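Thank you all for coming; I would like to take you through one model this morning, going from a whole chain to single elements. Please have the sequence and the structure in view while I talk.

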Number of protein chains: 2
Amino acid sequence: MAQERIQRLIAGDRRTLSRLITLVERRDPQVPDILRQVHSHLKGAYCVGVTGPPGAGKSTLINSLASLVRKENQQVGILAVDPTSTFSGGAVLGDRIRMQHHALDPGVYIRSMATQGAQGGLSSSVGQVVRLLDAAGTDMVLVETVGVGQTELDITTVADTVIVVLVPEAGDTVQTMKAGLTEIADIFVVNKIDREGGHAQMVALRSMLALGKRDTGWRVPVLGTQANQGKGIGELYATVQEHRRFLESSSTLEARRRERRRREFLLSIEETLRLRLADLLQAEGALADLAGAVEQGEVDPATAAQDALKDNVLPKALRPAEPE
Amino acid sequence: MAQERIQRLIAGDRRTLSRLITLVERRDPQVPDILRQVHSHLKGAYCVGVTGPPGAGKSTLINSLASLVRKENQQVGILAVDPTSTFSGGAVLGDRIRMQHHALDPGVYIRSMATQGAQGGLSSSVGQVVRLLDAAGTDMVLVETVGVGQTELDITTVADTVIVVLVPEAGDTVQTMKAGLTEIADIFVVNKIDREGGHAQMVALRSMLALGKRDTGWRVPVLGTQANQGKGIGELYATVQEHRRFLESSSTLEARRRERRRREFLLSIEETLRLRLADLLQAEGALADLAGAVEQGEVDPATAAQDALKDNVLPKALRPAEPE
C-alpha cells in the first residue's frame, strides 16, 4: 500500500503528489519514511527561488517563466509559500490568476503552502516538497516567497538560483533589504521597469552590488522586466540558465546542494526537538513546573533554562533513546 | 569577586554594566549564574520597543523620548539592536548622533548590540540585557530594532509597549509589513509627517487597524511626529504612559510579562540545544558521520534527522545529565 503510493508518485500521479505534500505540511510522522523511499528516485530537479516584497509581481513573473520552461517540454512545479498563518487574500487570488494560465496544462503543478508560523520548520518542509516534486518527474521547481530579509523561509535552503524581484517605488525597501538581499540574490530583477525611477533603481542596485562583491566568480546581473507584458522574461530565463551552467561548470551546484542538505538535516533535528519541548510543556511534569516558576517570576528564564538542561528536568521524551 | 561585581552593577556602575552586557553578547557560560544573582534585584523596568524600516527616524524619536523621560528624573537605557552581523555604518552613525545628545548625562545609558546571526537567540539576549539594565537602576529601557515583520528579534519578547514607526513614502513597506505589524503595534507613529502623503498614510493606517481589530481593549492610536523638530513627541510620550496605565490597570502587563518569561525560557533551552548540536557536528562521531552521509546525498535529510533522534546517534553531550 505505502509502496504503491510511492510508485504512483513516481509515475507522476498528481493526486498522490498532492496528498503527500499535505502530509509534509501537517508534519505527519510518515514523512521521513516516505522520503526514505523517494530518495533513490530523485533526479535532481532544478530549483529557482523568486523572492521580493508583496506587489513586486513575483507571481506574474513566475507564470511567464513557467511558460518558457514548458516550451522546452519540461515539467514545472510552482510552490507559492505564504508567510501568514492563514491564507491571505493575496495568495488565493494569486493562485487563481496562475490557474487561469496553466490550469489545463498537466505539465505544470501549482501549489500554495502556508507556513503555519513554524519558524525554521518551513525551510525543511519546502525542501521536502521540492523532493516530492522531483520524484514525481518535475524538471524545474519555481518557489515564490515573500522575502524581506530572511523572515520565515530561508530561500537559499531550497533554491539553486535565487531571483530577487523589486519594483521602482520600493526605494525604502531596497534600503531595508540591502544587507540581506545582496547576500542571497543570484539575479536581481527590477520589475515594472517602465515606472518612474526604474532605470535609476537598476543603476543603484548595480553600484550596490559592485560595492559588496562576493567572491563566487558570479557577477550578479540586474535585469529589467515588465512581467505582465512578458517583456524581459526571455532574457531572465536565459540568465537563469546561464547561472545554472555557471554553477554546474564550477561544481558550485553540488557544493551548494551538499551544504543545503546539511542545513536541512540540522533544521529537521532542531524542529523535532522544539516540537517535543512544546509537547512537554503541555504535559504535567518537572519542565512544566519549572516553566510555571519562570512565569511567576520566581526564577530567571536563562537560569531556569540552564537548570532544565543540567538537572535532568527535561524528561526522557526529549532525549534520544538509551543504548540497548 | 563575582558577588562584588553584582553589587557594583546594582550600585549603577556603568563599567560593570557594560562588561556584563558584553558577556551576554558573547553568550558567556557565566551568564545564567549572573542572572540568577541579579534576579532578586529586579524592579520591573518598563521596556518600550521602537521598530520600523531603516530611515524612518527611529533613533531621533528615541533620542527625543529619552529627553522627556529624563525630565522626570528617570534613568534611561537605550539599546540599539543591529540586524546585521557586523556593525553597519547606520548603527555606528546613529550611536554618534545619540551620543552628542546624551553623552554627558549619567542618567542615560546607550548601547548597540549586534545580532551575530543568532536566529531566535537575539530575543533572549536582549531580554537578558534589559534585566541587567533593570538591576542597574534603569527605569525605562528603549529598544530600537529594524523591524520588517519579525525578522531576527521578536520585539514583543522584550517590550511592554511596542511603537511601530513608519514614514509617508513607505507605501510599499506598509503593504509589506501589514500582517506582521498590526499584530505587534501598540502605538503607530507616522514620522516625518510633514512629507507628502503623511496624513493620507495616517488615515490608511487607521482604517487598516479598524479592519483587523484585536480584542485587547486597547485601541491602537496612530500619531504623527516630526522627530527631528521634536514635534509630536510629547503626545507620543503621553500615549506611551497611557498604554502603560492601561496595561497595569487591566493586569495585562503582568500577563504579558509572564508570557514573555515563558517564551524566553523556551528560547533559551532551544538555543542551548542548537549550540550543542552545532558543536557535535564539528566533533568526530556518529552525528558528524550521519551529516556527512546526508551531504553526499546518500540519505534523505529528514530521514537522517529522525534516525539521529531515534537511534541514539546524538551523543550524551546533547542530553541532559543522567539522574544521580
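**From chain A to elements of chain B**

In chain A, among contacts (heavy atoms within 4.5 Å) with a separation of 6 or more, 77% are between residues 24 or more positions apart. This is a predicted model, in which local features need pLDDT of at least 70 and side-chain atom pairs count only at pLDDT 80 or more, while totals for chains, interfaces and linings use all residues. Residues are numbered from 1 along each chain as its sequence is written, chains are lettered from A and ligands numbered from 1 in the order in which they are written, and side-chain values use heavy atoms, with hydrogens and water left out.

Of the 324 residues in chain A, 56% are buried, where buried means under 20% relative accessible area, exposed over 50% and partly exposed in between, with a 1.4 Å probe and protein chains only.

Let me turn to chain B. Strand 6 of chain B, residues 187–191, is largely enclosed by the rest of the structure, because five of its five residues are buried. In a regular strand, side chains alternate between the two faces of the sheet. Here both faces are covered, with B:Ile187, B:Val189 and B:Asn191 buried on one side and B:Phe188 and B:Val190 buried on the other.

Which strands pair with strand 6 of chain B? Strand 5 of chain B, residues 161–166, runs parallel to strand 6 and is joined to it by four bridges (pairing requires at least two DSSP bridges), and B:Leu166 stands opposite B:Val190. Strand 7 of chain B, residues 222–225, also pairs with strand 6 in the parallel sense over four bridges, and there B:Leu223 is the bridge partner of B:Val189.

Finally, consider B:His243, which lies in helix 9 of chain B, residues 233–249. Is this residue, B:His243, buried or exposed? B:His243 is buried, with a relative accessible area of 1%. Leaving aside neighbours within four places in sequence, B:His243 is in contact with B:Tyr46, B:Asp160, B:Thr161, B:Asp186, B:Trp218 and B:Arg256. B:Glu144, by contrast, is 99 residues from B:His243 in sequence and 18 Å from it in space, C-alpha to C-alpha.

Note on methods. Helix = DSSP H or I, 4+ residues; strand = E, 2+ residues; numbered from the N terminus.
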